[in-house]
Amino acid sequence: MIPISKPILGEEEKEAVLKVLESGILAQGPKVAEFEKRFAEYIGVKYAVATSSGTTALHLALLAHEIKNGDEVITSPFTFIASANAILYCGAKPIFVDTGEDFNINPDLIEKKITQKTKAILVIHLYGYPAKMPKIIRIAKKHNLIVIEDACQAHGASLNGKKVGSFGTGCFSFYPTKNMTTGEGGMITTNNEKIAEKAQLLRNHGMKIRYYHDILGFNFRMTDIAAAIGLEQLKKLEKFNKKRISNANYFNNNIKTKGIILPSVAKSYYHVFHQYTIRISNESSKSREEIIKILSNNGIGSAIYYPLPVYGQKPYIKLGYKNRFSVTEKYTKEVLSIPVHPSLTQRDLKKIVSVLNNL
Ligand SMILES: *Cc1c(COP(=O)(O)O)cnc(C)c1O
């Protein structure tokens, strides 16, 4: 079976973990500090704050920016639920905007959703493709809004040479399916010293001096075991991303099935292909469900990211969300992600193309 995703962990990661175990310092220690330093350098920001997951990175980033009860945060409904949940955790209200042709938030629709209560725009760089940041930053500046980037799928993606996670306050995940992993883990990136300090404080129970708690905080810390894995993965990230891109190019050049729409990359966008996502349009001879079955019968994994918009998920319906965006709805019915991860062999690539071209 060719899985839809697969982490690549080598001897380097194993040795690094053993060293941490031997050191006896297992959490929020020197490896975490080193990982933060290297990750900040890589993204091109002054500060990085390691967390226990991408979800807690988002939650902390919003809290550090003082997003609270009564605030509204504009975001995309076409994402993993954690993006919007983080807004709810702060007591604030996610305000959804329909998706653009790039699967990210459509910036042309943002301004009419801005009210007196709007505090921030939470952008998601879905599938590893940067959202339209120049326009989003312009809107945010004009209306004095905070920009939070959910870059949980976009480690190393960039726009005009500037990495995502450096436009606003960036949030990353190191879950095993992502472009790099630490098992569980996350990171906040920022150029704002105050935000970094606030996030550090909130991450560790509001504690600067041991057992003196200045504010109500959390335990969202990263372990040194995770950080040691992260440091090794970060060294390999560029290589991993290049292989993902080369796999995607192979698909783009070779999949020629009627009714299947392939992902495109605009000029000056660096897409790191966390997912390679095709759309099965109504001109396809087979339905999405039939294609999933055919792929599976041929030993090829695939997945739908995401079958429901966030506003259509049960907790959101319960909260009274009634959005029904045409593009988002269409994409939830059309998208299908096929394996693009760096451990695919030439044989795997050929097989995937051949199955799709012979539907
Ligand atoms: C993975 C992911 C998250 C959450 O990260 P975890 O580390 O799983 O908590 C948030 N947003 C998006 C878009 C993701 O893909």
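Start at K178: an N or O atom in the K178 side chain is 2.6 Å from an oxygen atom of the ligand. Keep in mind that this is a predicted model. S173 does something along those lines, with a side-chain N or O atom 2.7 Å from a ligand oxygen, and for Q153 the corresponding distance is 2.8 Å. As for how wrapped up the ligand is, the protein covers 93% of the 380 Å² of accessible area that the ligand has on its own.

The ligand takes up the space of the largest pocket. Two elements give two or more residues each to the shell around it, namely α3 (54-64) and α4 (82-89). The largest share, three residues, is from α3. There are 15 residues around the ligand, and the ones that come nearest are G54, T55, D150, S173 and K178. Sort the shell by class and you get eight polar, five nonpolar and two charged residues.

Ten of its eleven residues are buried, so α3 is largely enclosed by the rest of the structure. The buried set is G54, T56, A57, L58, H59, L60, A61, L62, L63 and A64.

Finally, check both ends of α3. Just after the helix, E66 takes a positive phi of about 60 degrees.

Technical notes. Residues are numbered from 1 along each chain as its sequence is written. This is a predicted model: local features need pLDDT of at least 70, side-chain atom pairs count only at pLDDT 80 or more; totals for chains, interfaces and linings use all residues. Side-chain values use heavy atoms; hydrogens and water are left out. A residue is near a molecule or strand if one of its heavy atoms lies within 4 Å of it. A polar contact is a pair of N or O atoms within 3.5 Å; within protein, one must be able to donate a hydrogen and the other to accept it, and residues adjacent in sequence count only if both atoms are side-chain atoms. Accessible areas come from the Shrake-Rupley method with a 1.4 Å probe; for residues, only the protein chains shown count as cover. On a 1 Å grid over the protein atoms alone, a cavity is a set of points where a 1.4 Å probe fits but cannot get out, and a pocket is an open set with protein on both sides within 12 Å along at least five of seven lines; lining residues have an atom within 4 Å of a point. A molecule sits in a cavity or pocket if more than half of its atoms lie within 2 Å of its grid points. Helices (H or I, at least four residues) and strands (E, at least two) are DSSP runs, numbered from the N terminus. Ala, Val, Leu, Ile, Met, Phe, Trp, Tyr, Cys and Pro count as nonpolar, Asp, Glu, Lys and Arg as charged, and the others, Gly among them, as polar. Buried means under 20% relative accessible area, exposed over 50%, partly exposed in between (1.4 Å probe, protein chains only).
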